[in-house]
Amino acid sequence: MNWAGWERAVKCSGRPMPGALALFSWLQGRWPAGHSMGIYNCRPVRGRRSMSIHSEGRAVDFGLPVHGGRAHPQGIEIVRALGAQGRRWGVQAVIWDRRIWSARSPNGRPYKGVNPHIDHLHIELTRRAAAALTVDDLGGLPSGPVRPTVRRGSRGAHVEVLQQTLGGLAVDGIFGPRTEQAVRLFQQRRGLVVDGIVGRMTWSALGA
C-alpha cells in the first residue's frame, strides 16, 4: 500500500472540501452499508491539542455497522482499496479498528488515540486532493442499480425487490420480522455476516 505525504491542519476552512465530498460519494456507492459520520468540524484531535484534519474539511469519517463489538469486515477491504491508489488519489492517512496507515507506516501500525475507530474509518486527504479530487478520479460509481442498505423497518420498492429475490415471502415492501429471518438464513447459507441487514455484500450475493 502507498500513501501521500502527510499535511497537518493549520486553520478552519468553514466547510467540507469538494474532494472530501467526492470521496464520500464514491465510498457510499461502492460500500452502501456505510454512512457519513462527518467531514467538517472545527476542533482539535480528541485527547490532543493539535487541530483535527476535519477542521480543514478534508477528512471523511465513513461509518460501518459494528457486529458483536467487532469492526465490520468491509473496513479492511476499504483500507486496501484506498491504499492501492493512496499516493495518486492524495490519501494521506486512514485510521480503522485501532490501526493507522500513512506514509510513515504503509502497512499500518497500532493507533493509540482516544477513539478506537471500530465503527468508522477516518480518511484524510491532502489539501490538493481535498480541493480537486472527483468521483471520476476515483473510478466513478458502480454501473447498474445502486441498492440502498435496507433493514427491519425499511419500506418501499427496494424491499419489494428483496422479497421477490428471496422468494417465499409476501411482496409488500415492508421489511418485517419474516423478511429479516429470511435474510439471516440467506446470509448464513452464503457465509456472509449474519446481521439481517441487506448492504452491498448481501445485495451482490442476491444478484439483485
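**Strands and salt bridges in a predicted model**

Visitor: How many bridges join strand β3 to β4?
Guide: This model is predicted. Strand β3 covers residues 91–96 and runs antiparallel to β4. Within this pairing, Ile95 stands opposite Ile100. The number of bridges joining β3 to β4 is four.

Visitor: Which residue takes a positive phi in the hairpin of β4 and β5?
Guide: β4 and β5 run antiparallel and are joined by two bridges. Arg99 stands opposite Pro110 in β5. The hairpin has six residues between the strands, and the one with a positive phi, near 95°, is Gly108.

Visitor: Is Ser105 buried or exposed?
Guide: Ser105 sits in the loop between β4 and β5. A polar atom of its side chain lies 3.3 Å from the backbone oxygen of Ile100. Buried means under 20% relative accessible area. Ser105 has 8% relative accessibility, so it counts as buried.

Visitor: How many residues apart in sequence are the parts that Glu180 and Arg152 tie together?
Guide: Side chains of opposite charge can pair when their charged atoms come close. Glu180 and Arg152 form a salt bridge, with the closest N and O atoms 2.7 Å apart. Because Glu180 lies in helix α6 and Arg152 in the loop between α4 and α5, the parts tied together are apart in sequence by 28 residues.

Technical notes
Residues numbered from 1 in each chain as written. Predicted model: local features only at pLDDT ≥ 70, side-chain atom pairs only at ≥ 80, totals over all residues. Heavy atoms only, no water. Buried < 20%, exposed > 50% of the residue type's maximum accessible area, 1.4 Å probe, protein only. Polar contact = N/O pair within 3.5 Å; in protein donor to acceptor, adjacent residues only side chain to side chain. Pairing = 2+ DSSP bridges. Salt bridge = Lys/Arg side-chain N within 4 Å of Asp/Glu carboxyl O.
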